[in-house]
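I opened this notebook to record what I looked up in the model, entry by entry, with the cut-offs beside each term.

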Amino acid sequence: MRSLAMLKPVKSILWSVALLLLGNGLLNTLLTLRGTAEGFSSAVLGIIMSGYFVGFICGTWVSGRLIRRMGHIRTFGFCASICASVALLHLVFINPWVWLPLRVVYGLSFITLITVIESWLNSQAAGHERGRIFAVYMVVNLGALALAQQLLRLSSPEEFLLFVVIAILISWALLPITMTRRVQPKISERPKSSLRALLGFAPLAVASAALSGLAMGAFWSMTPVYAIQLGFDISGVGLIMSASIVGGALLQIPIGRFSDKHDRPKVLIWVVLLAALVAAAMPFAPSHEILVGLYFIWGGLAFSLYPLAVAQLIDQLHPDEIVSGSADMLVMHGAGCAVAPIAAGSLMTIVGSHGLPIYIACVFTLLGVYALYRRRRVRALVTRTAHFEPMVQSSAEALEMIFDDTQRDLFDDPSFYEEDERRRLNGIVNPSNS
């Protein structure tokens, strides 16, 4: 009963995000399937799908200004209308060079919708309940993405029905959030970037964010193409995508909690090298069933890398730098995601369908080798071990919701100030002061 009471102020927001991510998760997979059916090459599909992440990155700077100008509800209505209409425009103009700008516009509008939802969620959650509310939000997020893949069973990607379903789901996402009587929150200014300083201060964390984006962007964009080329039917494509997402949802927390109690860089090395090994084994899977199992394991490992990178960064940051630094990590992850579909799609065009797992294995191996180098040659300065929090690529507002409690815990801990004084005496400066 207490949990239900905790969710009462945010239940309309959670309903909206569930409907929105059902539509978005279905559209991302559907477009690659429809593009494949229309004869688009893997390289062309990679370029098209990268447009979403380009729009996503641009939206991280535009969304806050738009919300401050129009308000949360009007911004949500404005961007939801764009997303629903863009989904249908893919049917009107079946041309790869029209789809590319449509994906950019959709990505920009979608991140603005997520910013509206997460800033509102942040404002409605009481300070002592934010962690639990964010956990529920993540369950809704990943659950909707996994369920969305099963909606592929409703119709063939070559028909119009699935596109209509997407437009309906995104339009329905307007209903709960526009019916609420709760006061709209104010959105704060985006923290000042400290990316240049982070590259010198915590290069392993930044590299992990970027390279995990290079892998995950390829997964989201090109896995449906890979599955179709291997002979999976549409239901099988949905099964592979759902298995990966469910694996990520189930394994993130045990991996993260293990990293809280042990040497986090070492845990990151093991996770990334195991993910590379599983990806490298995919071309040799003797059956479709075993390949689905490999994707489940791979999803559990791969989905953990970005939150591990963020936790690794927070281990090395002053509390008042956490939100700014984490927002920069989000941009680096998004930049990796934007490049990934083009790189993976081009490799698939050159070497065939197995170019996708080969590409992912190479990216993760590169990250593992770099992490080993950093661990052997450089001893990272850790202020205090942060708590791992499961997450997906999201907005800076979600990061603020997660790490407000982390900042308070650090400020309340006297040992932090002893460590901070040692940093000062040793001439080690904070990113914001360098």
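**Surface and fold.** I began with the accessible surface of the protein chain, which comes to about 17800 Å², with 64% of that belonging to carbon and sulfur atoms; the areas come from the Shrake-Rupley method with a 1.4 Å probe, and for residues only the protein chains shown count as cover. I noted that this is a predicted model, in which local features need pLDDT of at least 70 and side-chain atom pairs count only at pLDDT 80 or more, while totals for chains, interfaces and linings use all residues. Residues are numbered from 1 along each chain as its sequence is written, and side-chain values use heavy atoms, with hydrogens and water left out.

I then looked up the secondary structure and found 17 helices and zero strands in the protein chain, where helices (H or I, at least four residues) and strands (E, at least two) are DSSP runs numbered from the N terminus. Of the 434 residues of the chain, 59% count as buried, with buried meaning under 20% relative accessible area, exposed over 50% and partly exposed in between (1.4 Å probe, protein chains only). Among contacts between residues at least 6 apart in sequence, 85% join residues at least 24 apart, a contact being heavy atoms within 4.5 Å.

**Salt bridge.** I searched the whole structure and found one salt bridge, defined as a side-chain nitrogen of Lys or Arg within 4 Å of a carboxyl oxygen of Asp or Glu. Arg34 and Glu38 form it, with their closest N and O atoms 2.9 Å apart. Arg34 is buried at a relative accessible area of 6%, whereas Glu38 counts as partly exposed at 36%.

**Aromatic pairs.** I counted 14 aromatic pairs, using rings of Phe, Tyr and Trp (its six-membered ring) with centres within 6.5 Å, where planes under 30 degrees apart are stacked, over 60 edge-to-face and the rest tilted. Phe40 and Trp99 form an edge-to-face pair, 5.5 Å centre to centre with 80 degrees between the planes. This pair links distant parts of the chain, 59 residues apart, with Phe40 in the loop between α2 (11-37) and α3 (42-70) and Trp99 in helix α5 (residues 96-124); both residues are buried. I next noted Tyr52 and Phe110, a tilted pair at 6.3 Å centre to centre and 45 degrees between the planes. Tyr52 lies in helix α3 and Phe110 in helix α5, so the pair ties together parts that are 58 residues apart in sequence; both are buried. I also recorded a cluster in which ring pairs link Phe219, Trp220, Tyr295, Trp298, Phe303 and Phe364.

**Ser221.** I looked up Ser221 in helix α10 (residues 203-229) and found it buried, with a relative accessible area of 1%. A polar atom of its side chain lies 3.0 Å from the backbone oxygen of Gly217. Leaving out residues up to four places away in sequence, Ser221 touches Thr32, Met49, Phe53 and Pro341.

Met179, found in helix α8, counts as exposed at 67% relative accessibility.

Note on methods:
A polar contact is a pair of N or O atoms within 3.5 Å; within protein, one must be able to donate a hydrogen and the other to accept it, and residues adjacent in sequence count only if both atoms are side-chain atoms.
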